Amino acid sequence: MLRKTVYKQVFVVLIGLLIVGAILYRHLYQRGFLEGYYTVGVLINYNELKGNDLEVMQNIIQKRVTILNQQGGILGKEVRVKYLDDGGDPEIAKKVVAETIEDPTLIGYVGSWSSTRSKAVAELVGPARIPFIGGYALTPLFEEYPNMFTAEKGINDVAARFEKFLEDRFRRTAFIGMTGDLYSAALLQKLCDQQLKDTTAHVVMEKWLPEGHLFDQGGVDSLAATLIATKADFLLLSFRSGITSTFIPLLRQAGVQIPIFTALGDLGQVIGQSEGNNLGELYDLNVIGIPGTYNLRLQEQIPSFIQDVTPGETLEFQLSFSARIADSIGLLAAAAAIGETADTSENATKELIISGLQKYVGGGLIYRGWFDDWFFNADRAIAGDVLLAWKPALLTRHILAPDQFIWINDTLRQVPVFFTHMDMVQLNQVNDPEGSFYATFYLEITSIIPVDIARIDFTNAARSETSHEYLLDIKPISFRKIPGKKPLYNYMFRVSGKFLFEPDLKNYPFDKQKFPIQLQPANATNPFFIQPSTTALNDSLFETDGWHYRNQYVGYAHDIISYYNSFNDQQRNQPFYKFSYTYVMSRARVDFFLKVLTPLLVILVVTYFSVFIPLSRVETLEAIQVTSLLASIALYFSAYKPEMEHATISDKIFIFTYIMITSLIGTSILQFVKRKKYDTESKIAKIYQRYIYPAIILIITLFLVL
């Protein structure tokens, strides 16, 4: 009778657990409870992707879609992605869109990183009012379609920077471009416009070649001879990345050493696909972020998907490209939630999305994405800064050009780049409860303008409680002026002081912490960019107590500061850059092993030995086990414990200890109660105490130590 009652209780408990589990699953994973689904078409040129680019991209996009579905999808329906290979050909792009546009579940397209292919697609999606977030720069071609937006910078922004770039630099420019490409034609037109403004500037060569043209050495030698004969001092080359990366080395071998602007090809991809060949001096406008740095907004998301992807050699490109497409899909979902329409037909959702996207024009709303803060300008192009990337002739990677141009108060202003290198000397006195550490480092800065260190704000430096001044000691070490066509100013500073960080102690004492040195302009209207040195020059040997160096990186965050003019109710959005030298350190475990783990193991081992005491001495047996439990509890209160709302690994180790000792106490009592029956329960209890208990302790110990 007693056994039947126990079975009933177990059955009731199991049913309760199943109900609770179902509720939690529905709350955390709503995808299975969404009714119906919507499809988003992702247009990609597979030919431009190398290695595992496609695999990484699909994994990151799917992670974003999964999160969207967990949050309720789009209007209560599941979001699905359909990948469409446009082959880099406008006709193929138009064909794959024509094959999917009639799908009643389709609510939008994203991708299509080309003005020419987007123009072909627009002939279908424009009149059909299908939401489209593409990657085109020639925004005037799409003015008549209010449903078309672009995640690329518009031609007006690009042209403004391109004009500043050409100004007073080159007098005899040559052009080689891909036949039929609209973006290439637009840049050539800008070259011609420049001639009208500056009569000393000339386009000395114009050459159009078909897409997929195979450059052999003979053909390249002929082009090189023409370039040399015309005395060209600059080449605008507008081909896709793959062809560009093979053409430039051949051109260099033919004796052409003039600077080259890789218009249609992404400079990062061109360098990555060149297999170490000498590429000479290169430029590009459409750089994704700041070369050699991490997008800190994206960096926050990496832990959520990095286990599912295998990073390739072009990880920076993979993450940035994938995150922009993922953000585009997230923006469609956000727009659907805020859009307004009187349409009650099956196109209602599309009209909602178009209406919602319009609210992001002018920065009335800002979408906080994985990659960046998103809003659109009047051309329905993503607002933001167009940066000039530069690969010096003697450098094997690209960096920011020494001077940049960004919009500040509706004026395109020149902004300097500080080329920096940080050499850490000492990082210690880490205080977890306070979230602080002390650091001493040398900061080297090189710029085309004189640098006042007061222009740099160390934002995470601790402040005095009385004067509110930063607790920093900054001493100039050296200064020199490097002569040249444009002289460079080189400075060295020694900085020491107290800095703040945000400790994440869930994995204490097996945790890794990020110790940042954050820099930003002291005045938002007097900005600058930071270009770090290559990671190969970073010094990993510096003084630190209780921590082990793991790695370091430089990141940046691009925030949007929104403010309003109270006299005319107009909103303005001011871009603001923050930079961070981050050192990743893991905590030394020796102190924890000696003061916590070793005593706990001794307690567990002593408790284990007690099970060999005969049941006739049960008082002694239980006294040892209860004393061991109390000793482990006392040790917990005497050990260092970070103050936080969540249990740390240290807390879980103590809880594990309590459970294991309590299990011995319970099984010992069970054996004593049934000492004369020798039934199954007694045998199982004895097997557990003698064999299973030590096996569990051994496995957990090895897991923690190794």
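The crossing of helix 3 and helix 4 is right-handed, a crossing being left-handed if the near helix is turned anticlockwise from the far one by less than a right angle, and right-handed if clockwise. The helices and strands named here are DSSP runs (H or I of at least four residues for helices, E of at least two for strands), numbered from the N terminus. This is a predicted model in which local features need pLDDT of at least 70 and side-chain atom pairs count only at pLDDT 80 or more, while totals for chains, interfaces and linings use all residues. Residues are numbered from 1 along each chain as its sequence is written, and side-chain values use heavy atoms, with hydrogens and water left out.

Helix 3, residues 90-100, packs against helix 4, residues 115-128, at an angle of about 30 degrees, and their axes are 8 Å apart; the axes are lines fitted to C-alpha atoms, for helices over the stretch in contact, and the angles run from 0 to 180 degrees between N-to-C directions. The two helices are therefore roughly parallel to each other, given that angles under 35 degrees count as roughly parallel, over 145 as roughly antiparallel, 65 to 115 as roughly perpendicular and the rest as oblique. On the side of helix 3, P90, A93, K94, V97 and A98 meet T116, R117, A120, V121, E123, L124 and V125 of helix 4, where contact means heavy atoms within 4.5 Å. Sorted by class, this contact of helix 3 with helix 4 has eight nonpolar, one polar and three charged residues; Ala, Val, Leu, Ile, Met, Phe, Trp, Tyr, Cys and Pro count as nonpolar, Asp, Glu, Lys and Arg as charged, and the others, Gly among them, as polar.

The contact of helix 14 with helix 17 has ten nonpolar, three polar and one charged residues.

At 0% relative accessibility S632 counts as buried, where buried means under 20% relative accessible area, exposed over 50% and partly exposed in between, with a 1.4 Å probe and protein chains only.

V79 is found in strand 2, residues 78-85, and is buried, with a relative accessible area of 2%; not counting residues up to four places away in sequence, V79 touches Y38, V40, V65, N69, G73, I74 and I329. K578, in strand 25 (residues 570-587), counts as partly exposed at 32% relative accessibility. The C-alpha atoms of K578 and G555 are 8.4 Å apart in space, and the two residues are 23 apart in sequence.

The backbone also deserves a look. Most residues other than glycine have a negative phi, and most peptide bonds are trans. Phi of L75 is near 55 degrees, a positive value in a residue other than glycine, and L75 lies in the loop between helix 2 (53-70) and strand 2. S112 likewise has a positive phi, of about 60 degrees, although S112 is not a glycine, and lies in the loop between strand 3 (106-111) and helix 4. L75 is partly exposed, with a relative accessible area of 45%, whereas S112 counts as buried at 0% relative accessibility. A cis peptide bond, with omega about 5 degrees, joins Y508 and P509, and P509 has its place in the loop between strand 21 (488-500) and strand 22 (512-521).
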